[in-house]
Amino acid sequence: MSIDVIPLNTYFGAEIRGLDLSQPLSDTDFEAWSDAFAKYRLLLFRDQHFSEDQHVEFSKHFGGLEDFVDSKDQVNSHTDILRVSNIWQDTDAIKPVDDPGHKSFTLGTSGWHIDSSFRKVPGKASLLFAIEIPPEGGGTGFADMVSAYEGLSDEKKAQCDELTVIHDFEEARRRYGLLPRMEEIRVANPSVMHPLVRTLPDGKKCLFLGSHTSYVLGMEQYEGRKFLDGLNDWTTQEKYTFFHDWNEGDLVMWDNLALMHRAMPYDLESHRRLLHRTTVLGDGPVV
Ligand SMILES: [Fe+2]
């Protein structure tokens, strides 16, 4: 099968045409895919028709998959597929906007973040597949932390290179004024330290940010927050971002360690939105 790679914007992202993800990947296609993923960090595939098993099989080409422990979040007992949705799985009804779990998920995903950056080893890639999409809104924004780092002044780069940041699962809840999670969940997710700047396998560098960042080691808390918020604003300026408006059958796969992402608003009360996500496990601590 021959693959066409069409860039989506200046710095990152490409649409791949000519691949049916429900079919086994040939070695040649896998090589073309790997090259494109390393170069573009986000790949979009349109008009895909694959089952939950095929979603899992395709995702496993890239490594082991993360498990989602809460059965309410899993798709038909697939522990490795997360439901990203405003629809209850058991009744198929739209969730009330003030349901506490739904509210915290909606608020949590509306901010720029890296999935599971609050873990010592965050997932290295996420694959999101669109099943039901609202008629308006509900897109996903992506921000490129590689080109954002490259755009910094040499002085700012040198400052960032030296810093360590604490990431905390509870940070976004604190920021949105939500009640903390249950104690056993908090104990199972202690805060972790990551370098503010990550080096990619090809030697390039990128910022490592997102809404789970809590404070900067060695900096007064308010100053550290201001510093991180400034970097977040820098990284999410128009030239470093891409906003995808979903169509049913779209699959977007992105480098979770090099891009931040966020969910865009839509009418949560009247419109249905359902996507399935798999996450490829990371190879080790962020370095
Ligand atoms: Fe996410």
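Select aspartate 35 to begin: in this predicted model, the residue is exposed, with a relative accessible area of 53%. Aspartate 35 belongs to helix α1, which covers residues 27–40.

Next, select the iron ion together with its surroundings. The protein donors of the iron ion are His113 through NE2, Asp115 through OD and His261 through NE2. These donors lie 2.1 to 2.2 Å from the iron ion. Along the chain, the donors follow the spacing H-x1-D-x145-H. Aspartate 115 and histidine 261 therefore deserve a joint selection, as this pair links distant parts of the chain, 146 residues apart. Aspartate 115 sits in the loop between α3 (100–110) and β6 (125–132), whereas histidine 261 is part of strand β15, residues 259–263. Are aspartate 115 and histidine 261 buried or exposed? Both residues are buried.

Now move to arginine 186, which is found in helix α7, residues 183–188. Arginine 186 has a relative accessibility of 36%, and so counts as partly exposed. Show the residues around this side chain. With neighbours within four places in sequence left aside, arginine 186 is in contact with Glu170, Pro180 and Arg181. The C-alpha atoms of arginine 186 and phenylalanine 243 are separated by 32 Å, and the two residues are 57 apart along the chain.

Finally, select the whole chain and colour it by secondary structure. The chain holds eight helices and 16 strands. Its radius of gyration is 19 Å, close to the 19 Å that the globule rule gives for 287 residues, so the chain is as compact as a globular protein of that length. Taken along the principal axes, the box filled by the C-alpha atoms is roughly 50 × 45 × 35 Å.

With the chain still selected, switch to a surface display. The accessible surface comes to about 13800 Å², and 51% of this area belongs to carbon and sulfur atoms. Of the 287 residues, 50% count as buried. How many of the contacts between residues at least 6 apart in sequence join residues at least 24 apart? The share is 79%.

Note on methods:
Residues are numbered from 1 along each chain as its sequence is written. This is a predicted model: local features need pLDDT of at least 70, side-chain atom pairs count only at pLDDT 80 or more; totals for chains, interfaces and linings use all residues. Side-chain values use heavy atoms; hydrogens and water are left out. Helices (H or I, at least four residues) and strands (E, at least two) are DSSP runs, numbered from the N terminus. The radius of gyration is taken over C-alpha atoms; the globule rule is 2.2 Å times the number of residues to the power 0.38. Buried means under 20% relative accessible area, exposed over 50%, partly exposed in between (1.4 Å probe, protein chains only). Contact means heavy atoms within 4.5 Å. Accessible areas come from the Shrake-Rupley method with a 1.4 Å probe; for residues, only the protein chains shown count as cover. Donors are N, O and S atoms within 2.8 Å of the metal (3.2 Å for Na, K and Ca); water is not among the atoms, so sites may look incomplete.
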